[in-house]
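Please look over the sequence and the model below.

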Amino acid sequence: MGDPVIIAAAVVGAEVRREQNPAVPYTPAEIAAAAVASARAGAAVVHLHARWPDGRASQEAGHFREIVDRIRASGSDVVIQCSTGGAVGMPIEERLGSLVPGAEMGTLNMGTMNFGDEVFVNSRPDIVKVATRLRERGLVPECEVYDAGMLDTLAWLLKEGHLAQPYHVQFVLGVPGGMTGTERNLRFLVEGLPEAVHWSVAGIGRFELPMAEVALRLGGHVRVGLEDNLHISKGVLASGNEQLVSAAAGLAAKAGRRPATPAEARVLLGIKR
Ligand code: KMH
Ligand code: ZN
């Protein structure tokens, strides 16, 4: 078997709703259960958002604390990554509420962009603020790159000393407003990385599994989950996050790679507990 692949499960996100797929988790108990099931299916990392009981996006520390506590109470060792992206329109301080004790990684969104019909604002001072908070808390940043110019911002952060290894790069491809999910785009982005670093791809919607297949071939890592995609195949809803993780693990096996364990992922990602 080739290099282990880190499969990350993005189990809920801020946008998808239960009306679109009944498996979308809302409560901390549901989100934690989705994370644990994803880990059992082969995910080494869970990318967490939280919701209010009615499904609205939440960056409340209390929600994240409960999710983290429930994951650990289950005995799961999965790597915990908390979103600082939150939902479009949230002020940056609210977004930072997710960085609770027990988090091991936090996302660092690399620029402002159209996000569907809305605008996802990440000014350069705000990016620096998030990077600084992650460093203060000892969390490994995952840089979310949606478009090519964001790699220049990444290079600028490195040059100015706001970011340093260890960090991870997630190419999020297929958001309407960012780069779309093609092999050509992914190869271009990987070539443009300012230094050698582990990278992963999250294909949005119908791009999820095809982009995973390309990343596996190119030596990258993979993110799947209901945050990014609600379907297991064209017109067929995924039964849950674990089904999407199992599909990614199946693609990994075909590519001659096996899912990394959480312990292996921590070594690859430079996470010290
Ligand atoms: N919900 C998106 C606007 C992240 O998790 O850091 C941003 C997002 C990125 O999901
Ligand atoms: Zn997210």
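## Overall fold

The protein chain has nine helices and 14 strands, where helices (H or I, at least four residues) and strands (E, at least two) are DSSP runs numbered from the N terminus. This is a predicted model in which local features need pLDDT of at least 70 and side-chain atom pairs count only at pLDDT 80 or more, while totals for chains, interfaces and linings use all residues. Residues are numbered from 1 along each chain as its sequence is written, chains are lettered from A and ligands numbered from 1 in the order in which they are written, and side-chain values use heavy atoms, with hydrogens and water left out.

Along the principal axes, the C-alpha atoms of the protein chain fill a box of roughly 45 × 40 × 40 Å.

## A cis peptide bond

Gln 165 and Pro 166 are joined by a cis peptide bond, with omega at about 0°. Pro 166 itself is placed in the loop that runs between helix H5 (149–159) and strand E10 (168–173).

The shell around ligand 1 is made up of five nonpolar, seven polar and two charged residues; here Ala, Val, Leu, Ile, Met, Phe, Trp, Tyr, Cys and Pro count as nonpolar, Asp, Glu, Lys and Arg as charged, and the others, Gly among them, as polar.

A polar side-chain atom of Glu 15 lies 2.7 Å from a nitrogen atom of ligand 1. An N or O atom in the side chain of His 49 is 3.0 Å from an oxygen atom of ligand 1, and for the side chain of Glu 227 an N or O atom is likewise 3.0 Å from an oxygen atom of the ligand.

How values were computed
A polar contact is a pair of N or O atoms within 3.5 Å; within protein, one must be able to donate a hydrogen and the other to accept it, and residues adjacent in sequence count only if both atoms are side-chain atoms.
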